[in-house]
Every structure is written in structure tokens, then in C-alpha cells.
Amino acid sequence: MSAARRLVLISLAAAAAATVIAWMRRRSESVASTAPPQWPPFDEVAPSAPRASWVIATGGVEAPDGFAVKVKVSSGIFHVPGGRFYDRTTPDRWYATAEAASADGYRQSKT
């Protein structure tokens, strides 16, 4: 390889490196100038927060207030009151509505 060719290649590599360094500096300056979002204190958010759609079962078979749908996570099936296996199922989760359980990816018992 001739000396002139080497000089051209080295010059191109140096120009590319300088371009990348300049781009990185501009990018870091623009990111540093952007202020992070300011969130309201937790106490202001809590009263207006929506009610949870499910609660963890604590081992009992009695439904918590407002949560009547039983979900067995391992099977991916939920049972509604009056269903064939509702009384026999020991739930992993309790859902407020069948729609909420379905939205989380569980399917309703066929019987």
C-alpha cells in the first residue's frame, strides 16, 4: 500500500471519529438540558387512584368484599359465582369482575 493511500485512509478515519465525537457531545448536551418530569407527591395521587382489579388470595375460600371471581393462575381459568367448579376451586387471585380477569388473559371456565 502506498504512503499516499495510507494517508488518505488515516485522514478519513480521523474525520469519521471527529464526526462521531461531535455528535455524541451534541446529544449529551441536549439530554442534560432536558429536565426530568416532576411528579406530584404520592399523597395527592392516592385518593384518585383507581381501585385494584384483583387481590391475592390469602388461603381462605371466602371472597373478599367486592371480589367474587376466582382465578387459578396455573390453569389460566377463572370461575364466576354459580359456576360448576366455583365452590371446589381454591383461588390464587380474586377479581372484581369477569371482564377484568379476561382482560388479564384468563379464560372463563367452560362449565
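**Figure 1. A lysine charge over the ring of Y86.** In this predicted model, the charged end of K70 is placed over the ring of Y86. The distance from the charged end of K70 to the centre of that ring is 4.5 Å.

**Figure 2. An arginine charge over the ring of W54.** The ring of W54 has the charged end of R93 sitting over it. Here the charged end lies 3.7 Å from the ring centre. W54 also belongs to an aromatic cluster, together with Y95 and Y106.

**Figure 3. The aromatic pair of Y95 and Y106.** The structure contains two aromatic pairs. One of them joins Y95 and Y106 in an edge-to-face arrangement, with 6.1 Å from centre to centre and 65° between the planes. The angle counts as edge-to-face because it is over 60 degrees. This pair links distant parts of the chain, as the two residues are eleven residues apart. Y95 lies in strand β4 (residues 93-95), whereas Y106 lies in the loop between α3 (98-103) and β5 (107-108). Both Y95 and Y106 are buried.

Figure 4. The largest cavity has a volume of about 40 Å³. Its lining is formed by F78, H79, V80, G83, R84, F85, Y86, Q108, S109 and T111. By residue type, this lining comprises four nonpolar, five polar and one charged. Y86, one of the lining residues, is also the residue whose ring lies under the charged end of K70.

Conventions: Residues are numbered from 1 along each chain as its sequence is written. This is a predicted model: local features need pLDDT of at least 70, side-chain atom pairs count only at pLDDT 80 or more; totals for chains, interfaces and linings use all residues. Side-chain values use heavy atoms; hydrogens and water are left out. On a 1 Å grid over the protein atoms alone, a cavity is a set of points where a 1.4 Å probe fits but cannot get out, and a pocket is an open set with protein on both sides within 12 Å along at least five of seven lines; lining residues have an atom within 4 Å of a point. Grid points are joined across faces, edges and corners, and a volume is the space filled by probe spheres set on the points. Ala, Val, Leu, Ile, Met, Phe, Trp, Tyr, Cys and Pro count as nonpolar, Asp, Glu, Lys and Arg as charged, and the others, Gly among them, as polar. Rings of Phe, Tyr and Trp (its six-membered ring) pair if their centres lie within 6.5 Å; planes under 30 degrees apart count as stacked, over 60 as edge-to-face and the rest as tilted. Helices (H or I, at least four residues) and strands (E, at least two) are DSSP runs, numbered from the N terminus. Buried means under 20% relative accessible area, exposed over 50%, partly exposed in between (1.4 Å probe, protein chains only). A charge sits over a ring if NZ of Lys or CZ of Arg is within 6 Å of the ring centre and within 35 degrees of the ring normal.
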